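Notebook open, model loaded. I want to go through the inside first, then the surface, and jot down what I find.

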Amino acid sequence: MEHNALSSLLGWIPLFPLLGFLVNGLLGKRLPMKLSGTLASVAIGASFVTSVLVFMQFVQLEESARLISVSFFHWMHVGGLSLDWTLQLDPLSLVFALFVSGVATLIHIYSIGYMSEEKSYWRYFAYLNLFCFSMLMLVLGGNYLVMFLGWEGVGLCSYLLIGFWFTDMEKAIAGKKAFVVNRIGDFGFLVAMFLMFAHYGTLDFLPLFDAIGGEASGSWLPTAIALFLFIGATGKSAQIPLYVWLPDAMAGPTPVSALIHAATMVTAGVYMIGRSHVIYTLAPTALAVVATVGALTALFAASMGLAQNDIKKVLAYSTVSQLGYMFLGMGVGAYSAGLFHVVTHAFFKALLFLGSGAVIHAMHHVYHAVHDHHKDPQDMRNMGGLKSHLPITYWTFLIGTIAIAGFPPLSGFFSKDEILWKTWESGHTVLWLLGFCAAGLTSFYMFRLLFMTFHGKYRGTAQEASHFHENPLVMTVPLMVLAVLAAIAGFWGLPHFLDVAHVGNRFDEFLAPVFYSGSELHLRHAMAGHGNVAMEWLLAGLSVCVAIVGLLVARRLYLREDRKAASLVAQFPGLHRQLLNKWYVDELYQTIVIKPIGATCDFLWKYVDALIIDGAVNGLGSLCVAAGQGVRRLQGGRLSHYLALMAAGTAVLIGWVFYF
C-alpha cells in the first residue's frame, strides 16, 4: 500500500517544474510579470512539498524495503537495448530531491525581487523551472540513460542561464565556454555507458550493479568505467582540469549562480559517483584518482580565491574548492561524508551567493541613484561599511561565512571535519594535509571578503552612502531561512566523538542501506563508536585552529591595518600577480590547447577543405562545364556542319580500312 502511494507521488516531483516551464515558456510573455515568477515558484515549491510527503512515508518503511523502482512507460527498444522510463526512489535520491527542490524554491522566491526589472522575466523563470526538472530527473532516474538525459538537460540550462543576457558578448562567451567544456566531460560519460552496455547488456542500475558485482576488485573493466565516469564528473562538477568554466559562469544573474553552485549542476558529478559506488568500490585505482584530484582541486582553487576582488569570483573559487572536498570524501570511500558536505554546502553556499546578490543589488541601485554607470557593483574595493546599511544581509552572510570556514557548531564544521577525519583514518595522510591547508585558506579568503564588504568605512562617496537601503522581504526572507539551515544542518550528521546524547549520525544511518549490504550494515552498527576518539578530537581541534588562524590573518590585513595588505602586495608582487590572474591557467589553456586547435581548424578549413576538397570538386565541375561547352559546338543545328563532319568521319574510316 505504501509503495503504491509513493509510486504515485514520485512522478509528480519532476513533473511540477516541467509544467511550470511549459506554462511560462508558452504563455509567459502574455502573463503579468509577478504572476510569471509566482507560477514558477509555486511549481518548484509543489515539488518540494511532494518530496517532503514522500519522505514522511518513506521513513516509515523497513530499511530493507527502502528501494522503489517505478517504470512509467517503455522508452526504446533498439537492437539489444531495451529501456523503460524508470524512476528510482531510495535514501540517496530522496536526499537530493529534498534539498534540490527546497533550496531551488527559496532561490525562485528570491529571484522575484532580484529580477523584477528584467524585461525577459518570463523567459528567466521558464529556464529556472527547466533547470530544476532536469536536475530532478538526473537524481531520480532509474538507469544511466535517464540520468544522462537530466545530465544534458542541466548542461543546456546552464548555457541558457549563464548567457541569459546574450546581447552582451562577454556573457554569451561565458555561456558558450560552460557548454563546450562540459561536452568534453560528457564524452567520458558516454564512453562509460558504451562499455556498460557492451559488456553487461543493460544500463538499468539494479541489474547492472548485480552483474558488475561479480567482477574481481581491481579488474580492468570496473576501473575503466569508473575512470570514464569520473571524466564526466570533472566537467560537470568543475574539478581539475575542467574547472575553468565555473568562475566564468558568474556572468549569469546571481540567483542562477546560487542555483548552479548550491543545488543543481555542480553536485551532479558527486551524485553520479555516489550512485555508482558499486563500480568505484571495485576500482581502487579509480578511487585513488578521485581522492587525489579532489584534494588537489580543494587546495588549488582555494589559493585562487585569496586575491580576487570580484565578490562573486571569490565565491566561485570557493565552490570549486568545496567540491574538491566532496570528491576527496568519495575517493577515500567515505560516500556518506562526501554527500553530507553536498547537503550542508547547498545551504551555506546558496546563502552566500544570494547574500552577494543582495549586496550587488543594493550597490547597483545606489550607482543608479547617483547616475554613476562606470563603477563595478561587484568589486569589493568599492564597498566597505555595508554592515550598518544592510543589517539582515550582513548577519545572514556572517552565518554563511562562519559555516563555510569550518567553525563549530555550524554545519560546515561537521561535514568538512568528517571528510578530513575519514581521509586520515583511511591512511591518506598527504591528502589530509592538502585538505587541512585548504581549510585555512578558506577561512582567510571568506573573512577577507566579509571584512572588505561589510566592515570598515564605505569607500564610496557620502552621496552614495545616503542611498543605501536593505533589500525587500522577498529577498531577505530566503536569506534568513537559509541562514537557519546553514547553522543547524550539521547536527543531522553529528560525529560520534561529539555525540554525548547518543543520538547517532542520522544522515549516515539514513544513507547506510544504499552503500552497505545487510551483513555489512549489521557489522557497521556493531562497530559504531569504536574509532580512535582521541585522534578525532585532535584533528578536529587542529581544523578549528587553522580556521582561527585564517580569520586572524584576514582581520589583521584587511580590518585592523588595511595598509598591511597593500605593503604585503608590494613586497610580493609576483606571487600576488599569479594569484590575481588565477595562476594563468586560462592563458595556458589558450596557448597550448585553444590556439593550436584553432590554427589546425583554420588550416583544415582554408587548405584541406576550401583548397583541396572544394578545389577538386569545383575543378571537376569546371572541367565538365568546359567539355560540355566544347561538345556543344558539335550540336549547333546546322545541317551543313553535320554533313561535313559525316564526310570527314567517313573519310577517316575508309582511310583506316585501306591502311590497316
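**Core.** I started with the largest nonpolar core, which has 191 residues. This is a predicted model, so everything below is read off a prediction. I listed the residues with the most contacts inside that core and got Tyr144, Leu229, Trp245, Tyr280 and Leu339.

**Tyr280.** Leu229 is another of the residues with the most contacts in the largest core.

**Whole chain.** I stepped back for the overall numbers. The chain has 660 residues, and 53% of them are buried. Its secondary structure comes to 28 helices and two strands. Along the principal axes, the C-alpha atoms fill a box of roughly 120 × 70 × 55 Å. I checked contacts between residues at least 6 apart in sequence, and 80% of them join residues at least 24 apart. The chain exposes about 28400 Å², with carbon and sulfur atoms supplying 69% of that area.

**Ile162.** I went to helix H6, residues 144–162, where Ile162 lies. Is Ile162 buried or exposed? Its relative accessible area is 0%, and buried means under 20%, so Ile162 counts as buried. I noted its contacts beyond four places in sequence: Lys171, Ala174, Gly175, Ala178, Trp245, Asp248, Ala249, Ala251, Gly252 and Ile260. Trp245 was on my list of top core residues too. I also took the distance to Thr254: 92 residues apart in sequence, 9.6 Å apart in space, C-alpha to C-alpha.

**Phe131.** Next I looked at Phe131 in helix H5, residues 121–140. Phe131 is buried as well, at 0% relative accessibility. Not counting residues up to four places away, Phe131 touches Val154, Cys157, Ser158, Leu161, Leu259, Ile260, Thr264 and Met265. Ile260 is a contact of Phe131, and Ile260 turned up for Ile162 as well. Phe131 and Ser158 are 27 residues apart in sequence, and their C-alpha atoms are 7.6 Å apart.

**Strands.** I then followed E1 (68–78) and E2 (81–89), which pair in the antiparallel sense over nine bridges. Ser69 stands opposite Gln88 in E2. How many residues sit between the strands of this hairpin? There are two, and Gly79 takes a positive phi near 60 degrees there.

**Surface.** Last, I looked for nonpolar side chains on the outside. Trp12, Leu15, Leu19, Leu22, Val23, Leu26, Leu27, Leu35 and Leu39 form a nonpolar patch, with about 750 Å² of accessible area together. Helices H2 (12–27) and H3 (33–58) each supply at least two of the patch residues. H2 gives the most, with seven. I checked Val23, which is found in H2. Its relative accessible area is 33%, between the 20% and 50% cut-offs, so I put Val23 down as partly exposed.

Notes: Residues numbered from 1 in each chain as written. Heavy atoms only, no water. Patch = residues over 30% accessible without salt bridge, like charges linked within 9 Å, V, L, I, M, F, W, Y side chains within 5 Å. Areas by Shrake-Rupley, 256 points an atom, 1.4 Å probe, with all protein chains shown as cover. Salt bridge = Lys/Arg side-chain N within 4 Å of Asp/Glu carboxyl O. Helix = DSSP H or I, 4+ residues; strand = E, 2+ residues; numbered from the N terminus. Buried < 20%, exposed > 50% of the residue type's maximum accessible area, 1.4 Å probe, protein only. Pairing = 2+ DSSP bridges. Contact = heavy atoms within 4.5 Å. Core = buried A, V, L, I, M, F, W, Y, C linked by side-chain atoms within 4.5 Å.
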